[in-house]
Amino acid sequence: MLLRHTEADAPERKALTINPAKTCQPIGAMYAALGVHGCLPHSHGSQGCCSYHRSQLTRHYKEPVLAATSSFTEGSSVFGGQSNLLQAISNIFSIYDADVIAVHTTCLSETIGDDINQIVRKAKEDGLIPEGKYIFHANTPSYQGSQVTGFASMCKSMMDSFAEPADKPGDHIAIVPGWVEPADMREIRRIVEAFGVEVTLAPDTSGVLDTGLTGTSQYFPDGGTTIDELKACGSARTVISLGPSASGPAGRALESRCKVPCEVLELPIGLQGTDRFIQSLSVITGKPIPEQLKWERSRLVDLMSDMGQYFYGKSAALWGDPDQIVALSEFLCDLSMFPKYAVTGTPGKGFMKRMEKACENASGPCRYEEGQRADMHKMHSWIKADKPDVLIGGTHGKYIARDEDIPLVRHGFPILDRIGHQYFNTVGYTGGMRLAEQILNCFLDRQDRDAPEERFELVM
Ligand code: SF4
């Protein structure tokens with residue numbers, strides 16, 4: 001009984017969050033920055049913040065995550081961190097030879113009121129930024145937003161800082177892929193390239209946070225979106241933002257800055273989500289849907305219909321990133337399941353409406369909330385009152401899973417105690433098969449475990 005104090009009828013709270021279904025803004029900003037080639041994320045604040053953000057990303061991706069910090073002392077906390085950041089910029093370019101620095105702020109530097117624009121201007125005036133090197137930044141105080149809004153702000157800053165308007169649009173498509181795994185980014189690229197068009201993913205963490213063991217160590221792996229590619233986003237024929245919360249602001253910034261038409265879609269998770277993405281690509285490119293993708297769709301539909309009896313009427317509790325929750329909820333409904341409970345600590349009024357739409361064909365009642373009080377404690381109290389069949393979310397849900405004896409499918413961020421999420425995609429039709437398999441195996445394992453001896457079957 002790890003969470004023994006949670007009660008089924010937990011009182012309403014107005015000013016207390018218990019076990020939030022979110023984390024710090026800078027973690028998202030750091031993840032986005034790692035998707036730019038040759039980029040060193042820089043945390044403008046104290047060492048502790050940077051250590052925490054790096055360690056969360058390192059534990060999730062099982063790869064070394066490099067980031068620099070302004071290492072605030074008592075002095076910088078009182079007088080501001082300008083001199084620390086100027087020194088850091090000089091060191092990063094001269095010692096680590098980064099192509100670009102992505103600065104994000106923290107609670108401390110935001111509270112002091114450090115003006116990063118002004119500090120970067122001073123760095124330029126002082127000759128600290130060598131020719132062909134760049135700095136961009138995002139404001140990410142963690143007393144508001146979440147890792148998702150931090151990711152969104154850094155992606156928007158990429159477009160604001162680098163995308164160059166063009167007189168004539170090119171043929172290529174720009175995609176802001178949302179906070180998904182490196183394997184998902186790889187899969188999104190593969191799907192777009194199946195239409196025979198060039199694509200720029202901004203950012204792109206494939207080849208950065210899912211690299212192999214080659215015997216050589218590189219500060220900056222070969223993957224990531226190059227600065228030239230970010231500049232060329234301004235001449236894309238269209239930008240598709242996957243996930244309104246994480247990618248919407250970047251796509252809309254590109255549209256308003258460079259007049260690139262922007263389409264905002266839910267993440268291409270599951271059948272309908274992937275259908276919409278592929279249909280959009282077909283309309284944008286004017287090309288029919290490739291046979292390969294049709295074949296992959298047919299395999300997912302085959303799995304769903306073969307195994308429908310095991311999915312039917314089953315319920316899930318979800319938590320984490322709103323883009324993931326909305327897309328997963330729709331997929332659960334496609335599988336004849338339903339999201340009984342969902343909570344996200346990421347604020348945003350659109351979440352409730354998006355969930356309403358995603359759950360319109362749900363086979364059971366769905367209860368969902370967003371914001372500061374939509375935390376793991378609240379979801380646990382709902383679960384205590386009436387259990388779902390499966391939990392879907394990050395590692396923090398393992399305490400509820402153990403206490404309530406409910407299987408847990410690890411999905412989203414952070415996953416600190418398993419591997420695989422960074423290597424195997426969950427977007428696209430192939431990703432839908434993986435997700436369906438993970439959920440299905442939970443139900444079948446449970447059936448095997450709980451069956452009395454006379455009902456224990458070899459074939460299920
Ligand atoms: S909440 Fe603020 S102070 Fe705490 S680790 Fe995050 S950025 Fe740093």
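Which strand is joined to β7 by four bridges and runs parallel with β7, with residues 262–265? That strand is β8, and four bridges join β7 to β8 in the parallel sense, where two strands are said to pair if DSSP finds at least two bridges between them. The structure is a predicted model, in which local features need pLDDT of at least 70 and side-chain atom pairs count only at pLDDT 80 or more, whereas totals for chains, interfaces and linings use all residues. Residues are numbered from 1 along each chain as its sequence is written. Helices (H or I, at least four residues) and strands (E, at least two) are DSSP runs, numbered from the N terminus.

Strand β7 itself spans residues 238–242, and five of its five residues are buried, a residue being buried if 20 or more other C-beta atoms lie within 10 Å of its own, exposed if 12 or fewer, and partly exposed in between, with C-beta atoms placed from the backbone. In a regular strand the side chains alternate between the two faces of the sheet. In β7, Thr238, Ile240 and Leu242 point one way, while Val239 and Ser241 point the other way.

Parallel pairing is also found between strand β3 (residues 100–105) and strand β4, which are joined over five bridges. His104 has Ala138 as its bridge partner in β4. Strand β4 (residues 134–138) is mostly covered, with four of its five residues buried.

The protein chain is divided into domain 1 (25–151), domain 2 (173–288) and domain 3 (295–453), with bounds that come from an automatic or database domain assignment. The C-alpha centres of domain 1 and domain 2 lie 24 Å apart. Between these two domains, 19 residues of domain 1 are in contact with 16 residues of domain 2, where contact requires that the C-beta atoms of two residues, placed from the backbone, lie within 7 Å. On the side of domain 1 that touches domain 2, α1 (25–34) and α7 (147–162) each supply at least two residues, and α1 gives the most, with four residues. By class, this side of domain 1 has 13 nonpolar, four polar and two charged residues; Ala, Val, Leu, Ile, Met, Phe, Trp, Tyr, Cys and Pro count as nonpolar, Asp, Glu, Lys and Arg as charged, and the others, Gly among them, as polar.

In soluble globular proteins, nonpolar side chains tend to be buried together. Here the largest nonpolar core has 122 residues, such a core being a set of buried Ala, Val, Leu, Ile, Met, Phe, Trp, Tyr and Cys residues joined through C-beta atoms within 7 Å. Helix α7 gives the most to this core, with eight residues. The residues with the most contacts inside the core are Phe151, Met158, Ile175, Cys233 and Leu254. When its neighbours within four places in sequence are left aside, Cys233 is in contact with Met159, Ala163, Ala174, Thr200, Ala202, Val239 and Leu254.

Tyr52 is placed in helix α2 (residues 47–61) and counts as partly exposed because it has 16 C-beta neighbours inside 10 Å. The C-alpha atoms of Tyr52 and Cys24 are separated by 9.6 Å, although the two residues are 28 residues apart along the chain.

Most residues other than glycine have a negative phi, and most peptide bonds are trans. A cis peptide bond joins Ala202 and Pro203, with omega about 0°, and Pro203 lies in the loop between β6 (199–201) and α9 (227–232). Another cis peptide bond joins Phe413 and Pro414, and Pro414 is found in the loop between β13 (408–410) and α18 (428–450). Ser71, which is not a glycine, has a positive phi of about 45° and is placed in the loop between β2 (68–69) and α3 (74–79).
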